[in-house]
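Please keep the sequence and the 3D view open while reading.

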Amino acid sequence: MLGKRGNGHLFLGQQIDTQQPVVVKEYLLPKNIYSEEEAAQHQLAFAHFAGLERPDERDQDIRILRPQEAIADVNSRERCYLVTDIRDANPTLQTKINADGALSPFQVRNLLAQIFQTLTILHQQKVVFPSGQFQRGIIHGNLRLDNLLWVEDKAGYPFIYLSDFALWEDLFPIPPPPTLPSYEATPEDIAQELEALGKIGYCLLQGEAVLPTITDESPWPTADPWLTSFIKLLLHLAGAPFHSAEEARQA
């Protein structure tokens, strides 16, 4: 067991046929909280939507942790399992801040630019779910310090990978939601996504491992005034906000 993250628990596993290490995330649907009908509904949604691919350029690495397999335990009705590759065991930005403190403005610029690039692709391009259903654009919907993964290449250069998409993570809250969610990339949802990145950028600059309440009167770093102003734009604290992830990335 690697620990709890989001609405599930992570375990280190092994793919039997290839002998490759994997990460298995276990989600619970407790009988004392979810009715038999609710559990069946959520398991079906999990099997249909826990995963996404692009119909074109399938091999392009856009820095997201795509599920390799989604397994609903229909015998018990109490568990679902998500299988991802070993990169899902990498430290999160929250872990990184706890260990090393604040990042430099240069690092924050680089990491935000990476995430904006990934979100631009997600928000604009067509995706296909395990059910075979297509959708034009999808939001992550769950951007937090504890599900953005710090993955270094062989040279030690960091890349940020997105994990724990709300599309399947939100199927397992306690208590269960009244209706199953949808995560199309509407202008309102994109605006919330960019605001979430503003909070994350603030935390990275300040070395805050837990998202604080951020206002114009909050303590702001002074080492890079332009970056501070940019993050305030993301948080709707100054000027007109950005309308898209690509617009923010260009800025």
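A residue is called buried when its relative accessible area is under 20%, exposed when that area is over 50%, and partly exposed in between, as computed with a 1.4 Å probe on protein chains only. By that rule C80 is buried, at 0% relative accessibility, and C203 likewise has a relative accessible area of 0% and is buried. The model is a predicted one, in which local features need pLDDT of at least 70 and side-chain atom pairs count only at pLDDT 80 or more, while totals for chains, interfaces and linings use all residues. Residues are numbered from 1 along each chain as its sequence is written, and side-chain values rest on heavy atoms, with hydrogens and water left out.

**Cysteines**

- A search of the whole structure for disulfides, meaning pairs of cysteine sulfur atoms within 2.5 Å, returns zero.

**Aromatic pairs and cluster**

- Rings of Phe, Tyr and Trp (for Trp, its six-membered ring) are paired if their centres lie within 6.5 Å, and a pair is stacked with planes under 30 degrees apart, edge-to-face over 60 degrees and tilted for the rest; the count by this rule is ten aromatic pairs.
- W226 and F230 make a stacked pair, because their ring centres are 5.5 Å apart and their planes stand at 15 degrees.
- Both W226 and F230 belong to helix α6 (residues 225-234), where they are four residues apart, about one turn of the helix; helices here are DSSP runs of H or I with at least four residues, strands are runs of E with at least two, and both are numbered from the N terminus.
- Accessibility separates these two residues: W226 is partly exposed, with a relative accessible area of 44%, whereas F230 is buried, at 5% relative accessibility.
- F230 also pairs with F242 in a tilted arrangement, with 5.3 Å from centre to centre and 45 degrees between the planes.
- This second pair links distant parts of the chain, since F230 lies in helix α6 and F242 lies twelve residues away in the loop between α6 and α7 (245-250).
- F242 is itself buried, at 13% relative accessibility, and one aromatic cluster is formed by F116, W226, F230 and F242.

**Charges over rings**

- A charge is taken to sit over a ring if NZ of Lys or CZ of Arg is within 6 Å of the ring centre and within 35 degrees of the ring normal.
- K96 lies over the face of W150, at 4.5 Å from the ring centre, and K232 lies over the face of W220, at 5.1 Å from the ring centre.

**Nonpolar core**

- In soluble globular proteins, nonpolar side chains tend to be buried together.
- A nonpolar core is here a set of buried Ala, Val, Leu, Ile, Met, Phe, Trp, Tyr and Cys residues joined through side-chain atoms within 4.5 Å; the largest one holds 60 residues, of which F46, L93, F116, L122, L162, W168 and F230 touch the most other members.
- The largest share of this core comes from helix α5 (residues 187-206), which supplies nine residues.
- Contact means heavy atoms within 4.5 Å, and F230, leaving aside its neighbours within four places in sequence, is in contact with L112, F116, F242, A248 and A251.

**Strand pairings**

- Two strands are said to pair if DSSP finds at least two bridges between them; strand β8 (residues 148-152), with four of its five residues buried, runs antiparallel to strand β9 (residues 158-162) and is joined to it by five bridges.
- E152 stands opposite P158 in β9, and the hairpin of β8 and β9 has five residues between the strands, with G156 in the turn at a positive phi of about 85 degrees.
- Strands β4 (residues 69-73) and β5 (residues 79-85) are also antiparallel and joined by five bridges, with A72 opposite C80 in β5.
- The hairpin of β4 and β5 has five residues between its strands, and R77 takes a positive phi near 60 degrees there.

**An exposed phenylalanine**

- F106, in helix α3 (residues 105-124), is exposed at 66% relative accessibility.
- F106 and K31 are 75 residues apart in sequence and, C-alpha to C-alpha, 49 Å apart in space.
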